[in-house]
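Let's take a walk through a protein model together. Keep the picture open as you read.

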Amino acid sequence: MPHVQNGWYLAAWSKEISSTLMQRWIADQPICLYRLADGIPVALEDRCPHRKYPLSLGRLDGDIIECSYHGYRIDGGGTCVGVAEQTDTPKAQVRAFPLVERHGVVWIWPGDPDRADEGLLPDTWWLTDPGWTHFHGLVPLRARHRLLVENLLDLSHETFLHPSSIGNAAVAATPMTTAVQDQKVFFSRRMVGIEAPPFYAESCGMASPVDRWQDGEFHAPGIFILHIRIAPTGTSEPDGFHMKIMYGMTPATAATTHDFYAVARDYRAADTALTEFQHSQQLAVMKEDVDALETQELMYATDNVPRPESSIGSDLAALRARRVLDQMIDREAQATPAAGRASRASVAAGTH
Amino acid sequence: MPHVQNGWYLAAWSKEISSTLMQRWIADQPICLYRLADGIPVALEDRCPHRKYPLSLGRLDGDIIECSYHGYRIDGGGTCVGVAEQTDTPKAQVRAFPLVERHGVVWIWPGDPDRADEGLLPDTWWLTDPGWTHFHGLVPLRARHRLLVENLLDLSHETFLHPSSIGNAAVAATPMTTAVQDQKVFFSRRMVGIEAPPFYAESCGMASPVDRWQDGEFHAPGIFILHIRIAPTGTSEPDGFHMKIMYGMTPATAATTHDFYAVARDYRAADTALTEFQHSQQLAVMKEDVDALETQELMYATDNVPRPESSIGSDLAALRARRVLDQMIDREAQATPAAGRASRASVAAGTH
Amino acid sequence: MPHVQNGWYLAAWSKEISSTLMQRWIADQPICLYRLADGIPVALEDRCPHRKYPLSLGRLDGDIIECSYHGYRIDGGGTCVGVAEQTDTPKAQVRAFPLVERHGVVWIWPGDPDRADEGLLPDTWWLTDPGWTHFHGLVPLRARHRLLVENLLDLSHETFLHPSSIGNAAVAATPMTTAVQDQKVFFSRRMVGIEAPPFYAESCGMASPVDRWQDGEFHAPGIFILHIRIAPTGTSEPDGFHMKIMYGMTPATAATTHDFYAVARDYRAADTALTEFQHSQQLAVMKEDVDALETQELMYATDNVPRPESSIGSDLAALRARRVLDQMIDREAQATPAAGRASRASVAAGTH
């Protein structure tokens, strides 16, 4: 199954990108990431236009990458500006990908640069808001992108896969509402008068019963944000604890995915012990997910005679996300040659 | 090459199956094996009908498996009987495979359940007969099923591959008789007045010369039984030693096979030192076979321009086995859609 | 991409081949190499005509290989001369490949034996000339053959990949002349008045400036020879140092290659410390190449939408080599069935 190309994916955390060239696979392509001298991040196709050697293994001379195999020199726009020790300057170009840097996140648009629309990016203001604190990271996942999307869009799995931390029976037992708007899928689940799951009980020091809200938003193809509120049952929302968990679900190859996470809260910002506790819990939860998703990947990859999957009410948001992604992929496949996959190759070989 | 589906394979030794869920790949499918409370063994397709997560990773609640990803509950017949914490009960079904348990062996029929015929199973009475003792086990083999079948149907290889234990020149030098009956292939080799091979000399304490009988029966697709008799030359058979070696040759995936073995004898049943000696010898012989078959697998897998194989008289039983298997596979491929591979998928998605 | 079959490749150094059977993959085929009692080296297809078991795992009985699985006996011409312990002698044949042994090198022709032409082999007299000394070896490379050919045909990469040993700016900065003759590609680069690269400065003890010649000859498909001369600038050639580096570039499988090397010099032949220094430097340089080529292999193997490569003047010899190889492959593909790939299989099954 191809990946959506025309959409934003999390390329890297801002602090990952520097004047040291780095390679990261994104949407089936090797990408070279670095910063220009003025701090602007750059993403280039990581194959030298000469003999495909990774530019990321090259040497940075100011803003110019000099390939370490034969000396091709490529600027931050992907244009060959000469070859070291050679007098001729070949007309050559690698693809340069649109990047947007906001609130400590660098977003990439792997598809047609002309269609890159910053308006599609969600506002993640809490990642830099002084009233909030957060931690973040990246976990490698050897499973297809779609399985991670569906994992996060159906949080009923918390009940079964994460019973020792963030899940209890209330999650699966509480129905969601869902909505679709353009390429976004929303769901909302409000659990009332429930026992606090272990993670929140310890994390918030709040006596049960509590009310727990999960408001999820999926920005297809690669961004998921979960707004969490926990409050003692019967109190009004402002007295509760707020958390926002963002996942950057970035396909690397057909069956590997970058699982970026950022967990933010608006309380006890200076409590580093709490941050450490939450971080270790987050990684424990993600390990449970990674183990399950990698097993699930094997079950899908080896299923030679697949039959229709059974679905229930709690799958609705995930099914809507699946449909949005399918439609985006279909549109990209059906696009005229001038805008589609074939053309991207010819554009890349040209002068864009 | 596809595997025969409509036939009995050794799924597990009885003692392997318990109330602990286990996964075993059989004939290209992951199978979940466990016992119901009443002791009956069950084999289900090991993909949850919801999102293919292995049922074998689930939790057993009485006879019901509860999937550990999203809570689907599946009974011993493969029918979904509800979802934990959910009110709706989806109509969903995984395949349940016919099992037969006899003499400490659990046999599985991966194909069309309506065609499962217990009459095709050989009588392995000696595995529980009080006059006999045996040991058994399972060796993993990274080679295609067919190569193991042909290994056992042409025992002339004992002379060359196992000269330090069960083989000597007499095996290859002595012609076989062979016969085919339905899906069974028989061969018989009687060596008269030969020197006892090391394994039998030590195992029986019998002075050479001896007579040695090898009577093999292959029950296609997956069962091989070798009846062995050794007696001092010139004596009548009742004075000899009898052994029966059974192999369950169960394809796991296209190029991996479960190599089950059970070695039985009717003499010195209480002699545990002899059992240990024979068991270590058996494993040594199987290691020689596994090494050879895994090498042979590589030679077949990489042979892009294969030519016809050369064969001689000692190949006759193996060639007959090959033909029986080919005919079974052809019949399955040619079966009408209602009974063939396509139908199995639709049946599986239905209500069988 | 298929490999050229009708051409000479370096099969082994003479000293590698003995009465101990060995397997080496060459041009997508497993080959069994050994010496007959009279010292003549033999190369046979390393699959027994019976059940494809490697002959190289067999037992050598005089000049006859006896297969260790079922006892087929194959002579040095690849003909089955009987089966151990059996009375019948099947008509069976494995392919026997033309070998030529010269100056400590054994060359193999994997294609049509009738077309094997010793006249195509370069004269590597210096490998046994008393005025010369050399060391040699073999480095495994997990990259396609073509990438190694192009690496050696464009030595401008020395400037960027090997700056601490054999490369400096002068190599890339100095234009080559090139020529093509039949299946040979030549290039010549003369650097005048340059600083000696570290390897040569230490190796020759020569004060800069120096003149440096690189005269390369590629004998498609698999042999590269580099004639090197270094002399103080302004002196005549006889006062210089001479080195000859030969590479046997032998495809093993589609994406693995044997990288044979022999480095010879005509000065300080008895200086073993110098030999050791040069050998360690050679291996260090080859490690840099292997690392680069294996990375490049990954970039080519994963490039699903490849675009035309950019090339410059320093690529000319490599492009000419590429074209020669492409033409050879095209000719082999277009050959009539009687001489082409299909026929090789039938010939092999016959009596050639």
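We'll look at the place where two chains meet, then at one residue.

This is a predicted model, where local features need pLDDT of at least 70 and side-chain atom pairs count only at pLDDT 80 or more, while totals for chains, interfaces and linings use all residues. Residues are numbered from 1 along each chain as its sequence is written, chains are lettered from A and ligands numbered from 1 in the order in which they are written, and side-chain values use heavy atoms, with hydrogens and water left out.

Start where chain B meets chain C: the contact (heavy atoms within 4.5 Å) takes 32 residues from chain B and 34 residues from chain C. About 2700 Å² is buried between them, with 53% of that from carbon and sulfur atoms; buried area is the accessible area (1.4 Å probe) that two parts lose on being put together, summed over both. On chain B's part, B:Phe160, B:Met299 and B:Arg307 supply 30% of the area buried against chain C, more than any other three residues.

Charges meet here too. The interface of chain B and chain C has 6 salt bridges, each a side-chain nitrogen of Lys or Arg within 4 Å of a carboxyl oxygen of Asp or Glu. B:Glu309 and C:Arg51 form a salt bridge, at 3.1 Å from N to O.

Now find B:Ser18, in the loop between strand 1 (9-13) and strand 2 (22-26) of chain B; strands are DSSP runs (E, at least two residues), numbered from the N terminus. B:Ser18 touches B:Tyr34 and B:Arg35, leaving aside residues up to four places away in sequence. The C-alpha atoms of B:Ser18 and B:Leu36 are 8.4 Å apart, though 18 residues separate the two along the chain.

Terms used
Helices (H or I, at least four residues) and strands (E, at least two) are DSSP runs, numbered from the N terminus.
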